[in-house]
Amino acid sequence: MPNGVTSKTILLVEDEKLLRQSLAELLRDEGYQVVEAANGREGYELVIKQPFDLVLTDMSMPEMDGLTLLQHVQRAAPNTPVIVITAFGSVESAVNAMRSGAVDYLLKPVQFED
């Protein structure tokens with residue numbers, strides 16, 4: 001990072017450990033600070049404790065799914081953008097995510113260029 005410029009902080013919420021670690025490593029290599037959470041409940045607890053520049057969340061997770069997390073993030077940190085990732089892509093789920101306030105929607109396997 002150039003002098004005086006801080007990196008953006010991303011909350012990565014993904015229950016698949018290997019995928020979460022791989023995405024986190026890729027994002028860190030790009031200069032982002034990444035905080036990891038293994039499910040939506042952990043993610044929500046982090047959101048209410050500290051600010052994030054972006055929340056990147058899986059759609060289907062135990063304890064709290066991505067759409068529920070999205071709704072909680074909108075209440076707790078309304079200016080924080082949320083991107084939803086899912087392996088179960090359909091037009092209906094994409095529309096639901098976008099209508100719920102997601103700024104984008106990505107399908108697994110995530111292509112880092114996306």
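This is a predicted model: local features need pLDDT of at least 70, side-chain atom pairs count only at pLDDT 80 or more; totals for chains, interfaces and linings use all residues.
Helices, taken as DSSP runs of H or I with at least four residues, and strands, taken as runs of E with at least two, are numbered from the N terminus.

**Overall architecture**

The protein has four helices and five strands, and along the sequence these follow the pattern β-α-β-α-β-α-β-α-β. Of its 114 residues, 39% count as buried, while the accessible surface comes to about 6600 Å², with 50% of that area belonging to carbon and sulfur atoms. Among the contacts with a separation of 6 or more, 57% are made by residues 24 or more positions apart.

The five strands form an open sheet in the order 2-1-3-4-5, and the pairing is parallel. Strand 2 (33-37) and strand 5 (104-107) are the edge strands, each of which pairs on one side only. On average, and with direction ignored, neighbouring strands of this sheet are turned by 20 degrees against each other. Helix 1 lies across strand 1, strand 2, strand 3 (54-58) and strand 4, and runs at about 170 degrees to strand 2.

Strand 4 deserves a separate description. Four bridges join strand 4 (residues 82-86) to strand 5 in the parallel sense, with Asp104 of strand 5 as the bridge partner of Ile83. Strand 3 and strand 4 likewise pair in parallel over four bridges, and here Thr57 stands opposite Val84 of strand 4. Strand 4 is mostly covered, since five of its five residues are buried. In a regular strand the side chains alternate between the two faces of the sheet. In strand 4, Val82, Val84 and Thr86 point one way and Ile83 and Ile85 the other way, all of them buried.

**Nonpolar cores**

The largest nonpolar core has 19 residues, and those with the most contacts inside it are Leu11, Val13, Val47, Val55, Val84 and Ala97. Strand 1, helix 3 and strand 4 are the elements that give two or more residues to this core, and the largest share, four residues, comes from helix 3. Apart from this core lies another, of 11 residues, among them Ile10, Leu23, Leu27 and Ile83. Val55, leaving aside neighbours within four places in sequence, is in contact with Leu11, Val13, Val47, Leu69, Val73, Thr80, Pro81, Val82 and Ile83.

**Helix 3 and its surroundings**

The buried residues of helix 3 (residues 66-76) are Gly66, Leu67, Leu69, Leu70, His72 and Val73. At the start of this helix, a side-chain oxygen of Asp65 reaches to within 3.2 Å of the backbone nitrogen of Leu67. Not counting residues up to four places away in sequence, Ala76 touches Tyr44, Val47 and Ile48.

Ser100 lies in the loop between helix 4 (91-99) and strand 5, and at 21% relative accessibility Ser100 counts as partly exposed. With residues up to four places away again left out, Ser100 touches Leu67, Leu70 and Gln74.

| Pair | Separation in sequence | C-alpha to C-alpha distance |
|---|---|---|
| Ala76 and Pro51 | 25 residues | 9.8 Å |
| Ser100 and Leu67 | 33 residues | 7.3 Å |

Glu14 has its place in the loop between strand 1 (9-13) and helix 1 (17-29). Glu14 counts as buried because its relative accessibility is 0%, the limit for that class being under 20%. The side chain of Glu14 reaches the backbone nitrogen of Glu16 at 2.9 Å. Beyond its neighbours within four places in sequence, Glu14 is in contact with Leu19, Arg20, Ala37, Ala38, Asp58, Met61 and Lys108.

Notes. Residues are numbered from 1 along each chain as its sequence is written. Side-chain values use heavy atoms; hydrogens and water are left out. Buried means under 20% relative accessible area, exposed over 50%, partly exposed in between (1.4 Å probe, protein chains only). A polar contact is a pair of N or O atoms within 3.5 Å; within protein, one must be able to donate a hydrogen and the other to accept it, and residues adjacent in sequence count only if both atoms are side-chain atoms. Contact means heavy atoms within 4.5 Å. Two strands pair if DSSP finds at least two bridges between them. Axes are lines fitted to C-alpha atoms, for helices over the stretch in contact, and angles run from 0 to 180 degrees between N-to-C directions. Accessible areas come from the Shrake-Rupley method with a 1.4 Å probe; for residues, only the protein chains shown count as cover. A nonpolar core is a set of buried Ala, Val, Leu, Ile, Met, Phe, Trp, Tyr and Cys residues joined through side-chain atoms within 4.5 Å.
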